[in-house]
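Biologist: I would like to go through this chain and ask what stands behind the words used for it. Please show me the structure.

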Amino acid sequence: MRKKTLLFHVVGSHLVGLGHIYRSLTIAELFQATKYEIRFCCSKSDYEYCLKIIENRYPIDTYQEQAFFEYLEQDVPYCLINDILDTSEEFMQKIRSLKLKSINFEDIGAGSRFADLVINELFDEPLNDFTNTAWGHQYYLLRQEFFNATMHTFSKKVKSILITFGGTDQNNLTAAVLANIWETRLEHGVEIYIVTGGGYLYINSLKEKITLLLNQKLKINFVHHSGLISQIMEKCQLAITANGRTIYELAHLNIPSLVFSHHERETTHLFAQQSNGFFPMGLYDQKSSKILCELVSKLISEDNFRREAFNKIEANSFSGNKIRVINLLNSVLNEE
C-alpha cells in the first residue's frame, strides 16, 4: 500500500530569509518514522537555498514560477503544507478544488481561512478571527539541538555577546551593529561571536571589517553557516538579533537580547518584549546607533539591570510546545 504523501511547499530567498525552510524541516522530522512519505517543493529560483538546508534528507521538487498548480496536479498529495507567507483566496480555493488537506504556517493572508489548519506561532496577538488558526509562541517548535543545549544560569559578568541576524540578513545588520558596538566591546573587554547564515551575501566585506578590528586587539569569533548555533549561544550572556525564529531559541537558553526588525512585518511579532526579557529596537535607523551602544553598555556594567531581564526571560518555557503542535497536525491528518 502506497504511503500518504505530505508535501511541504516552502520559500527561501535573500529577501524572505530561510526560516520557512528551517521550520518546515523541523515539522517534517516529526513524521520520519510514521506512515507518511515526505517531500518538499519550491520554485526553481528558491532551489539553491532549499538544497543548502534540506540537503539529501528529503526529495526536493521544483516548479517554474507561476506554474505551481501545473506541478501539483501531476501528483496530488494527501496533504499540502504551505510555508510560503500569506496566501490569497484564489490560491487556497484552487487547493480546495483538488480535494486535499492543507496546513499553512505564518499565513495572515485572506486565503488562510480556507486552510484546514493555520499555525501562526510568531504572532502572539491574533490578527484575524478565523477559527482554523492557532496563534502564539506556545506553538513554536524548537529544533532538538536547543533541548540538548545547556540553559544559562545568571552570571554577574558578561563574557561574550552574540550578533546574528538570520539566514540571509538582507539588510546587513550584522555589519551595522558590529560597527556600532565595537568600541563599547573594547571598553568592557567582552568577546564577540558573529554568526551569519548560508544566504548571507556580504561575507567578504564583513571579513575585511573583522580583520581590521582584530588588529585593534578585539576578540571576535566569526562563523558562517554554522552547524549547531546552540553551542555558540551557550557561550554568550547577551545577544543582538533579528525579530524572527532566533528569539525563541535565545529565550529557551535564557539569553537577554536586543532585537531589531528587518521589515514592517517583523514588527508585528510581539514576543520580543521587555516583559519577556527582550529589548525591542524596532527598525534600524540613524538613531539606533546611540541607543544600541548605551543599552549594551548598561547591560554589561549593571548586573541588576541585566538580572531583571534574565529573570523575565527565564520564565518562558517551550517544553510543551511539541505535543501541542503534534496534536494540531494530527487533528487534520487523521480526519477521513
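Modeller: This is a predicted model. We can start with R39, which is partly exposed, at a relative accessible area of 22%.

Biologist: Why is R39 called partly exposed?

Modeller: Buried means under 20% and exposed means over 50%, with partly exposed in between. R39 has 22%, so R39 is partly exposed.

Biologist: What makes R39 and D61 a salt bridge?

Modeller: The closest N and O atoms of D61 and R39 are 2.8 Å apart. The cut-off is 4 Å between a side-chain nitrogen of Lys or Arg and a carboxyl oxygen of Asp or Glu. The value of 2.8 Å is within 4 Å, so the pair of D61 and R39 counts as a salt bridge.

Biologist: Is D61 buried or exposed?

Modeller: D61 has a relative accessible area of 18%. That is under 20%, so D61 is called buried.

Biologist: How do you know that E55 and R57 form a salt bridge?

Modeller: Their closest N and O atoms are 3.8 Å apart. This is within 4 Å, so the pair of E55 and R57 counts. E55 has a relative accessible area of 44% and R57 one of 41%. Both values fall between 20% and 50%, so E55 and R57 are partly exposed.

Biologist: How many salt bridges does the structure hold?

Modeller: The structure holds 12 salt bridges. One of them joins the side chains of E106 and R23, with 2.7 Å from N to O. E106 lies in the loop between strand 5 (101-105) and strand 6 (117-120), while R23 lies in helix 1 (residues 19-28), and the two are 83 residues apart.

Biologist: Why are E106 and R23 called buried?

Modeller: E106 has a relative accessible area of 8%, and R23 has 3%. Each value is under 20%, so both E106 and R23 count as buried.

Biologist: What else is in helix 9?

Modeller: Helix 9 (residues 246-252) also includes E249. E249 has a relative accessible area of 5%, which is under 20%, so E249 is buried. Residues that E249 touches include Y140 and R143.

Biologist: Why is the link between E249 and R143 called a polar contact?

Modeller: The side chains of E249 and R143 are joined at 3.3 Å. The limit for N or O atoms is 3.5 Å, so 3.3 Å is within the limit.

Biologist: Which backbone oxygens does the side chain of R306 reach?

Modeller: The side chain of R306 reaches the backbone oxygen of S155 at 2.6 Å and the backbone oxygen of K156 at 3.0 Å. R306 is found in helix 12 (residues 303-314). With a relative accessible area of 3%, which is under 20%, R306 is buried. Among the residues that R306 touches are Q237 and L238.

Biologist: Where does L238 stand?

Modeller: L238, in strand 11, stands opposite I161. Strand 8 (residues 160-164) and strand 11 (residues 238-242) pair in the parallel sense over 4 bridges. At least two bridges are needed, so strand 8 and strand 11 count as paired.

Biologist: What makes strand 10 and strand 13 the edges of the sheet?

Modeller: The sheet is open, with 6 strands in the order 10-9-8-11-12-13 and parallel pairing. Strand 10 (220-224) and strand 13 (278-283) each have a single partner strand, so one side of each is left without a neighbour in the sheet.

Notes: Residues are numbered from 1 along each chain as its sequence is written. This is a predicted model: local features need pLDDT of at least 70, side-chain atom pairs count only at pLDDT 80 or more; totals for chains, interfaces and linings use all residues. Side-chain values use heavy atoms; hydrogens and water are left out. Buried means under 20% relative accessible area, exposed over 50%, partly exposed in between (1.4 Å probe, protein chains only). A polar contact is a pair of N or O atoms within 3.5 Å; within protein, one must be able to donate a hydrogen and the other to accept it, and residues adjacent in sequence count only if both atoms are side-chain atoms. Contact means heavy atoms within 4.5 Å. Lists of a residue's contacts leave out its neighbours within four places in sequence.
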